[in-house]
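These are my notebook entries on one structure, kept in the order in which I looked things up.

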Amino acid sequence: MFVAAMVVMVATGLPIYAVLLGTAAAFAALGVAIGAFEWPILGALPSRVVGLLEHDLLQALPLYALIGALLNRLPVAALLHGAGARLFGRFGAASPLSALGVGALLAPMNGSVGASLYTLSRRIAPRLAREGVAPAEAAATLCVASTLGIVIPPSLVLLLLGDAMMRAHTEAVNASHAATQVVNTQDIVRAALLPGLAVFVAALAIAAWRGRGRTPAPAPTLRRGEWIEASAVALAIVALLGSVAAGRLYAVEAAATGALALFVWALLSRRLDRATLGAVLVDAMTLTGLLMALLVAATSFSLVLRAFGTDALVAEGLQALAPRPALLAGAVLLIFVGCSFVLDAFEMIFLVVPLVMPPVLVSVPDAAWVAAITLLVLQAGFLLPPFGYAVVMSRRLLAEPPALADLARALAPHLVAQALVVAALLAWPSLAHWGDDAARATPALSDQDIERLMNEASRSNPKR
């Protein structure tokens with residue numbers, strides 16, 4: 001069923017949500033006709049969809065879409081890129097370094113690789129071309145910058161993966177009856193932080209190395225007001241992302257704050273007229289509708305898959321590799337790489353993770369470590385020529401796309417760096433648990449402690 005959906009999507013070019021819904025409907029009718037399952041099982045679909053739409057994290061999705069639309073329509077990326085190019089002005093790679101910095105700031109706010117790449121290709125690619133950056137290097141820089149939101153917390157991709165891993169870990173713990181604490185989203189955020197920063201630093205080092213000996217391009221001139229705006233926007237984004245990563249804010253709160261701050265800034269700077277506001281709202285509603293349609297389609301598809309017992313078959317197949325956990329994890333990571341050629345991160349989180357991760361976590365119970373490796377592999381999959389999602393998207397969006405061979409050579413150092421980070425994480429799993437001691441520094445309160453604190457509070461606030 002999954003293979004049929006992928007073949008139809010590649011052969012027809014139809015949107016993935018339409019393919020998933022059509023395939024689910026066709027196989028549901030086939031399953032009922034041949035007696036594989038009874039039709040009442042499909043009655044669970046409405047409650048599953050309602051439960052999906054009531055999910056706390058998904059309530060942030062329209063807000064992330066609004067932020068992405070505002071970033072795309074407003075000159076935020078261009079403003080930040082100009083400020084960054086001015087800061088790195090004495091380096092030959094000033095513009096690529098600034099582009100990567102903008103990607104690290106905006107990609108987690110955009111919510112998806114496609115939205116980030118669209119914004120960067122529209123606002124930054126022309127400036128890279130004007131400053132003489134080779135097309136292949138520019139395309140590789142934008143591809144890497146657009147995927148940084150996968151590994152740098154706290155992007156929507158990372159938060160949704162954290163929730164999916166929590167559900168998969170719960171299934172694994174229930175199946176194995178292991179006496180272990182179920183991973184939560186904050187554990188995934190902490191696990192991804194150091195590897196994500198390592199990938200970002202490696203990308204900066206590669207860009208700086210490529211720019212050695214290159215004559216620095218004339219730095220853009222910024223007025224004092226533009227410097228203040230760029231600094232304020234950058235600090236606000238860092239504060240929001242840091243608050244979510246540290247657990248001080250929920251994703252919905254941070255997304256609402258970011259959208260409101262961008263809106264107020266655009267109004268005060270007179271960059272948001274009636275026409276731009278209309279375009280922003282249309283873009284936000286369109287992207288929200290597409291993502292919601294995708295999630296509903298993925299939910300429908302997964303229900304039919306489970307009705308056929310596909311999840312059990314996958315679990316049995318993966319359990320055959322259980323005596324060799326390294327081989328099991330490697331096989332699953334290869335599945336993610338293959339899926340990254342045709343699926344975006346959201347689709348893999350809702351389609352692939354629920355199927356393959358529970359049996360993996362039975363044999364490899366370190367869910368945070370597995371999630372961190374999965375994020376790195378996902379990012380690398382999006383950058384793998386010729387079918388990587390970011391590679392294909394960049395060659396469609398750029399006005400002068402480079403030859404595929406040139407782009408592959410430009411991406412090769414980044415892929416090698418990511419492979420080294422993955423190898424380091426495999427060799428030292430403690431890199432994914434650097435914050436666990438701090439998280440456990442405050443022990444859970446016992447019932448006696450809670451009662452004592454309540455009594456002390458009552459004594460310090462007597463009733464009048």
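**Entry 1: helices α9 and α21**

I began with helix α9 (residues 135-151) and helix α21 (residues 404-427), which pack with their axes 8 Å apart and at an angle of about 50 degrees. I noted that this is a predicted model, so I keep in mind that every value here is computed from it. I then looked up the handedness, and the crossing of α9 and α21 is right-handed.

Which residues meet in this contact of α9 with α21? On the α9 side I found Ala 136, Glu 137, Ala 139, Ala 140, Cys 143 and Val 144, and on the α21 side Asp 406, Leu 407, Ala 410, Leu 411 and His 414. Sorted by class, the contact of α9 with α21 has eight nonpolar, one polar and two charged residues.

**Entry 2: helices α4 and α14**

Next I turned to helix α4 (residues 61-73), which packs with α14 at an angle of about 140 degrees, the axes being 8 Å apart. These two helices, α4 and α14, are therefore oblique to each other, and α4 passes α14 in a right-handed crossing.

From α4, the contact is made by Leu 61, Pro 62, Ala 65, Leu 66, Ala 69, Leu 70, Asn 72 and Arg 73. From α14, the residues that take part are Thr 276, Ala 279, Val 280, Asp 283, Ala 284, Leu 287, Thr 288, Leu 291, Met 292 and Leu 295. I sorted the residues of the contact of α4 with α14 by class as well, and they divide into 13 nonpolar, three polar and two charged.

**Entry 3: a pair of rings**

How many aromatic pairs does a search of the whole structure find? It finds one. The pair is formed by Phe 27 and Phe 308, and it is edge-to-face, with 6.3 Å from centre to centre and 80 degrees between the planes. Phe 27 lies in helix α2 (residues 16-34), whereas Phe 308 lies in the loop between α14 (274-307) and α15 (310-319), so the pair ties together parts that are 281 residues apart in sequence. I also checked accessibility: Phe 27 is partly exposed, with a relative accessible area of 25%, and Phe 308 is partly exposed too, at 28%.

**Entry 4: two single residues**

Is His 81 buried or exposed? His 81, which lies in helix α5 (residues 76-87), counts as buried because its relative accessibility is 1%. Leaving out residues up to four places away in sequence, His 81 touches Ser 95, Ser 98, Ala 99, Val 102, Ile 124, Arg 127 and Leu 128.

I then looked at Phe 350, which is found in helix α17 (residues 345-351). Phe 350 has 19% relative accessibility and counts as buried, because the cut-off for buried is under 20%. Phe 350 and Leu 294 are 56 residues apart in sequence, and from C-alpha to C-alpha they are 9.4 Å apart in space.

**Entry 5: the whole chain**

Last, I looked up totals: the secondary structure of the chain comes to 23 helices and zero strands, and 49% of the 464 residues count as buried. Among the contacts in the chain with a separation of 6 or more, residues 24 or more positions apart account for 80%.

How values were computed:
Residues are numbered from 1 along each chain as its sequence is written. This is a predicted model: local features need pLDDT of at least 70, side-chain atom pairs count only at pLDDT 80 or more; totals for chains, interfaces and linings use all residues. Side-chain values use heavy atoms; hydrogens and water are left out. Rings of Phe, Tyr and Trp (its six-membered ring) pair if their centres lie within 6.5 Å; planes under 30 degrees apart count as stacked, over 60 as edge-to-face and the rest as tilted. Helices (H or I, at least four residues) and strands (E, at least two) are DSSP runs, numbered from the N terminus. Buried means under 20% relative accessible area, exposed over 50%, partly exposed in between (1.4 Å probe, protein chains only). Contact means heavy atoms within 4.5 Å. Axes are lines fitted to C-alpha atoms, for helices over the stretch in contact, and angles run from 0 to 180 degrees between N-to-C directions. Angles under 35 degrees count as roughly parallel, over 145 as roughly antiparallel, 65 to 115 as roughly perpendicular and the rest as oblique. A crossing is left-handed if the near helix is turned anticlockwise from the far one by less than a right angle, and right-handed if clockwise. Ala, Val, Leu, Ile, Met, Phe, Trp, Tyr, Cys and Pro count as nonpolar, Asp, Glu, Lys and Arg as charged, and the others, Gly among them, as polar.
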